[in-house]
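Biologist: I would like to learn how to read a few features from a model. Could we take them one at a time?

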Amino acid sequence: MSFIFLQQIINGLTIGMIYALIALGYTMVYGIAQLINFAHGEIFMVGAYLGLVGYSLLKLLFPAGGHGPLWVAGVFIFVMPCTAFLGVLIERFAYRPLRNAPRLAPLITAIGISFLLQNVVMLIFGPSDKSFPAILTVKNYPLGRAAVTNLQLFIACVSIALMFGLHFFVKKTRTGKAMRALADDREAASLVGINTDRVMSWAFLIGSALAGAGGVMFGMYYNTINFHDGYLAGLKAFTAAVLGGIGNIPGAMFGGLLIGILEGLGAGYISSSWKNVFAFHVLILILLLRPSGLLGARVVKKA
Amino acid sequence: MLEVSDLHSGYGRIEILKGLTVNVPAGKIVSLIGSNGAGKTTFLMTLSALVKMRSGTIRFEGKSIEKLPPDLIVRLGIVQVPEGRRMFHRLTVEENLDLGAYTRRDREISRDRQELLQLFPILKDRLKYPAGHLSGGEQQMLAMARALMARPRLLLLDEPSLGLAPKMMEVVFSLIRKINQKGITVLLVEQNAWRALALADYAYVIESGQIRLKGTGKELLSSAVVKHSYLGE
């Protein structure tokens, strides 16, 4: 096994974790509302920029410091509630009024919101790349001739923890069960007394918090962020969600990791300038060969 | 307990209920019979606030409830077992029962569950199975048990015998009586007119969105119109 292979798997898994976090938001909202929230990638991007804002605010409060685990925690604690709030706001004012409209209407609205967020960020922060502060000092750990960084390990740990948290939430809590009930049969969910609007807000809240966390880690990993970043990452995460079977939570995690690995290997063995092409080949193939996704067994239309 | 008067309701431009007046006295079983498309399901869905009413009044225990959303209707104690069972198919039987108690926060939920499993013993061995794997009769049991978990005061049953084998039908109707004996008021909508009338204290015949006949179950069983149109005699 060449070291390039191992190295690209490590790199691919890292970015795959971030794709998976974003993909969860797509898949949760789709499962509950049958809506592709194309603004979700932008929430991820806003998360990255809010990471910058949070860091600057912390810097104002504590001019002496600047990096370390506490700072990382501080930035996350700032960003995740902010993006969660943004997601809830978007649902409330952009999608909820269209709940009974034809399905094309919320889709177009989602694209509109996506442009809106991109342009607001561009107006505030400018169109050029912004450098993201190095909140963690990067250390290399050799693995044969390949290497893994503490940042990569950190991204993996945080992502896995968040995914486990989500899994627990959906499986065990009252609201989580209500979400699954809603995904199964919205009317029946109303009939047992579930406030469907509130559960919908929860789905956006959680999905957007995860995307925010993904945005911060994206910034930490690549060191620069741009208002365009959400578009591409969002599309790839969407691909991941479709690959795993849209509406399927484990599928989204799996799909994200797979897209990441594929991208890593493609970049290592073919060309890194072609990196973005691979994910979309997968999207085309999956739509042709298995539109329900790898783990999505059921596409039974209810009458 | 439930007083509905001059209720108009429907979907889009189509009006289905054209001035329905129905009374459900506390503690009784009231049946509503009628053919397909007469408006039976629309009536229950309007009571559950899933279909928006156009005009008329709905009073539950003296309070008007026309403007309440579906979840608050359930909290008031009006719980529906919808037509076609409408299980949460991918959730387990146990989770379906838990969701039945979604509106409750008290400590007697697990006790109620134990009690219901006595009433619906079929479900006991199936707790960990996805509800979608149950047979039609078992799903009907689960649908009723799920509704009872909410501790309803008025239970709305939409075609509980639909698609069931005769033996299972028997079980379902005797369960409805048992549920009623526990003090739960029942509003039953059925195509199986004979069964529904035999069970009912009071009954209504609904035709194209209006009440055609009303009376006690016995009176309607012997009424010429009912005999001719609904009992096939």
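Biologist: In the hairpin of strand 9 of chain B and strand 10 of chain B, which residue takes a positive phi?

Modeller: First, a caution: this is a predicted model. The residue is B:Ser208, with a phi near 35 degrees, in a hairpin that has 2 residues between the strands.

Biologist: How many bridges join strand 9 of chain B to strand 10 of chain B, and do they run parallel or antiparallel?

Modeller: Strand 10 covers residues 210–216 of chain B, and 6 bridges join it to strand 9 in the antiparallel sense. As one example of a partner, B:Val205 bridges to B:Leu213 in strand 10 of chain B.

Biologist: In which sense does strand 3 of chain B pair with strand 9 of chain B?

Modeller: Those two pair in the parallel sense, over 4 bridges; strand 3 spans residues 29–33 and strand 9 spans residues 202–207 of chain B. Here B:Ser31 has B:Ala203 of strand 9 as its bridge partner.

Biologist: What is the order of the open sheet of 4 strands in chain B?

Modeller: The order is 2-1-4-5, and the pairing is antiparallel. Strand 2 (14–24) and strand 5 (63–64) of chain B are the edge strands, each pairing on one side only. Further in, strand 1 (residues 2–11) of chain B pairs with strand 4 (residues 53–60) of chain B over 6 bridges, in the antiparallel sense. The bridge partner of B:Glu3 in strand 4 of chain B is B:Arg59.

Biologist: Turning to chain A, how many helices and strands does it have?

Modeller: Chain A has 11 helices and 4 strands. The C-alpha atoms of chain A fill a box of roughly 55 × 50 × 35 Å along the principal axes.

Biologist: What radius of gyration does chain A have, and what would a compact globule have?

Modeller: For 303 residues a compact globule would be near 19 Å, and chain A has 19 Å, so the two agree. Of those 303 residues in chain A, 54% are buried. Among contacts in chain A between residues at least 6 apart in sequence, 77% join residues at least 24 apart. The accessible surface of chain A is about 13,700 Å², with 72% belonging to carbon and sulfur atoms.

Biologist: How is a pair of aromatic rings described?

Modeller: By the distance of the centres and the angle of the planes. Over all chains the structure holds 10 aromatic pairs. In one of them, the rings of A:Phe76 and A:Phe154 have centres 6.1 Å apart and planes at 70 degrees, so the pair is edge-to-face. This pair links distant parts of the chain, 78 residues apart: A:Phe76 lies in helix 3 (residues 69–95) of chain A and A:Phe154 in helix 5 (residues 150–172) of chain A. A:Phe76 is buried because its relative accessible area is 10%, under the 20% limit.

Biologist: What are the distance and angle for A:Tyr95 and A:Phe204?

Modeller: The centres of A:Tyr95 and A:Phe204 are 5.7 Å apart with 40 degrees between the planes, a tilted pair. A:Tyr95 belongs to helix 3 of chain A and A:Phe204 to helix 8 (residues 196–222) of chain A, 109 residues apart. Both A:Tyr95 and A:Phe204 are buried. Separately, A:Phe44, A:Phe218, A:Tyr221 and A:Tyr222 form one aromatic cluster.

Biologist: What is a disulfide, and how many are counted over all chains?

Modeller: A disulfide is a covalent bond between the sulfur atoms of two cysteines. The count over all chains is 0.

Biologist: Is A:Cys157 buried or exposed?

Modeller: A:Cys157 counts as exposed, at 52% relative accessibility, whereas A:Cys82 is partly exposed, at 27%.

Note on methods: Residues are numbered from 1 along each chain as its sequence is written. Chains are lettered from A and ligands numbered from 1 in the order in which they are written. This is a predicted model: local features need pLDDT of at least 70, side-chain atom pairs count only at pLDDT 80 or more; totals for chains, interfaces and linings use all residues. Side-chain values use heavy atoms; hydrogens and water are left out. A disulfide is a pair of cysteine sulfur atoms within 2.5 Å. Buried means under 20% relative accessible area, exposed over 50%, partly exposed in between (1.4 Å probe, protein chains only). Two strands pair if DSSP finds at least two bridges between them. The radius of gyration is taken over C-alpha atoms; the globule rule is 2.2 Å times the number of residues to the power 0.38. Contact means heavy atoms within 4.5 Å. Accessible areas come from the Shrake-Rupley method with a 1.4 Å probe; for residues, only the protein chains shown count as cover. Rings of Phe, Tyr and Trp (its six-membered ring) pair if their centres lie within 6.5 Å; planes under 30 degrees apart count as stacked, over 60 as edge-to-face and the rest as tilted.
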